[in-house]
Amino acid sequence: MDHRARRRRMALVGITATAAMLLCAGSASAASGDRDRDGMRDRWERAHGLKVGVRDQKRDADKDGLWALTEFEAGTDPRRGDSDGDKTKDGLEDPDGDGLRTAAEQLLGLDPDLADTDDDGVDDGAEDTDGDGLPNAWERNTRTSAAKSDTDGDGTDDGAEDLDRDGVTNADEFSYGMNPRSKDSDRDGTDDDDELVGTVVSFADGTLVVTLRDGTTATWAIGEDAIVDANPPADDESDDEDASDDEGDDYGDFDDELADWDPTSALVAGAKVVDIEIDATTDEVLELRVLDASGVASRAERPRPRPRPHNGPGGCRDCENSGQRPDRGAGGDDHPE
């Protein structure tokens with residue numbers, strides 16, 4: 001056999017193999033019920049008014065911000081903007097509770113039904129996909145994109161921007177638990193920039209060491225009369241489940257624990273110090289406010305005693321009988337969740 005014949009034969013074998021592979025791929029797609037290979041089953045497409053044979057996975061017929069493929073994966077209706085009828089568009093829902101709306105999860109290529117898509121121990125909303133110093137979910141506060149580090153393309157990362165022009169960057173507003181859209185987040189008459197002090201390095205034996213915003217270190221004494229405004233510890237409801245049934249007990253020992261709680265215990269490494277007042281003569285701290293290491297804001301207010309649970313089919317029978325406003329549901333101020 002000459003060389004030309006051999007090359008023709010090898011080419012024919014190659015063409016035959018390629019055709020066989022395509023045929024197998026097509027057969028596999030057909031067997032899986034997705035003939036057009038757009039990620040959606042044919043039966044589902046027909047049931048929801050989509051065309052089999054057309055790769056329309058990125059179609060958004062109901063204008064809810066979600067592609068048809070995302071609706072297929074999330075189990076929502078691509079023809080109804082509000083599939084569950086709760087007056088919130090499907091794209092604005094957060095089914096996995098990670099702080100990210102479904103439309104944002106779609107943009108970032110995340111799973112809207114998994115709070116931690118990459119299973120790295122950090123919820124998707126707390127991740128910083130674009131590396132701009134702002135968590136994905138928090139970018140909604142700054143009206144920036146979690147998929148672009150420099151949303152407006154001005155050469156400055158979103159975290160380094162200052163949306164409200166108060167002298168505090170967006171990233172610092174997040175770190176200190178402030179509002180990036182308000183110059184005076186706590187509405188106390190003092191701009192945010194004038195309140196920020198720094199980050200706690202250590203606190204021991206009455207001595208507080210803080211890294212200031214300019215990078216320098218300051219050391220102050222905190223006496224017994226100093227006022228420290230900090231978040232009280234959260235109540236562990238699992239410890240007082242049995243005690244809550246006792247009419248003579250106010251949700252276990254939580255109030256006693258608060259009475260014995262020392263607010264200086266919040267001065268741990270990484271905590272944020274704001275709004276400090278120093279005695280110019282003694283260089284001692286007279287008053288300061290501290291945010292915990294996660295950047296959660298606190299105010300000088302001892303929690304009100306927790307109300308007792310309300311029984312009955314309505315969930316708030318006592319209020320209904322007394323004419324008070326009914327239970328406002330989870331997170332309400334007047335009733336337990």
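Strands S4 and S5 form a hairpin with five residues between them, and Asp283 in the turn has a positive phi of about 60°. The model described here is predicted.

**Strand pairing**

Strand S4 covers residues 272-278 and pairs with S5 in the antiparallel sense over five bridges. Lys272 has Leu291 as its bridge partner in S5. Strand S5, residues 284-291, also pairs with strand S3, residues 217-229, here in the parallel sense and over five bridges. In that pairing, Val285 of S5 is the bridge partner of Ile222.

**Aromatic pairs**

The count of aromatic pairs comes to two. The rings of Trp44 and Phe72 have centres 5.1 Å apart and planes at 70°, and the pair is therefore edge-to-face, as the angle is over 60 degrees. Trp44 belongs to helix H2 and Phe72 to helix H3 (residues 68-74), so that this pair links distant parts of the chain, 28 residues apart. Trp44 counts as buried because its relative accessibility is 16%, whereas Phe72, with a relative accessible area of 24%, is partly exposed.

Trp138 and Phe174 also form an edge-to-face pair, with 5.4 Å from centre to centre and 65° between the planes. Because Trp138 lies in the loop between helix H4 (102-108) and helix H5 (170-175), while Phe174 lies in helix H5, the pair ties together parts that are 36 residues apart in sequence.

| Residue | Relative accessible area | Class |
|---|---|---|
| Trp44 | 16% | buried |
| Phe72 | 24% | partly exposed |
| Trp138 | 15% | buried |
| Phe174 | 28% | partly exposed |

**Charges over rings**

Two lysines are placed over aromatic rings. The charged end of Lys58 sits over the ring of Trp67, at 4.9 Å from its centre. Lys272, the residue bridged to Leu291 in S5, lies over the face of Tyr176, at 5.5 Å from the ring centre.

**A buried glutamate**

Helix H2 (residues 42-47) contains Glu45. Glu45 is buried but has no salt bridge. The nearest side chain of opposite charge is that of Arg59, 7.9 Å away; a salt bridge would require a nitrogen-to-oxygen separation within 4 Å. Leaving aside residues up to four places away in sequence, the contacts of Glu45 include the acidic residues Asp34, Asp36, Asp38 and Asp56. Glu45 also touches Met40, Leu50, Lys51, Val52 and Val54.

Methods: Residues are numbered from 1 along each chain as its sequence is written. This is a predicted model: local features need pLDDT of at least 70, side-chain atom pairs count only at pLDDT 80 or more; totals for chains, interfaces and linings use all residues. Side-chain values use heavy atoms; hydrogens and water are left out. Helices (H or I, at least four residues) and strands (E, at least two) are DSSP runs, numbered from the N terminus. Buried means under 20% relative accessible area, exposed over 50%, partly exposed in between (1.4 Å probe, protein chains only). Contact means heavy atoms within 4.5 Å. Two strands pair if DSSP finds at least two bridges between them. Rings of Phe, Tyr and Trp (its six-membered ring) pair if their centres lie within 6.5 Å; planes under 30 degrees apart count as stacked, over 60 as edge-to-face and the rest as tilted. A charge sits over a ring if NZ of Lys or CZ of Arg is within 6 Å of the ring centre and within 35 degrees of the ring normal.
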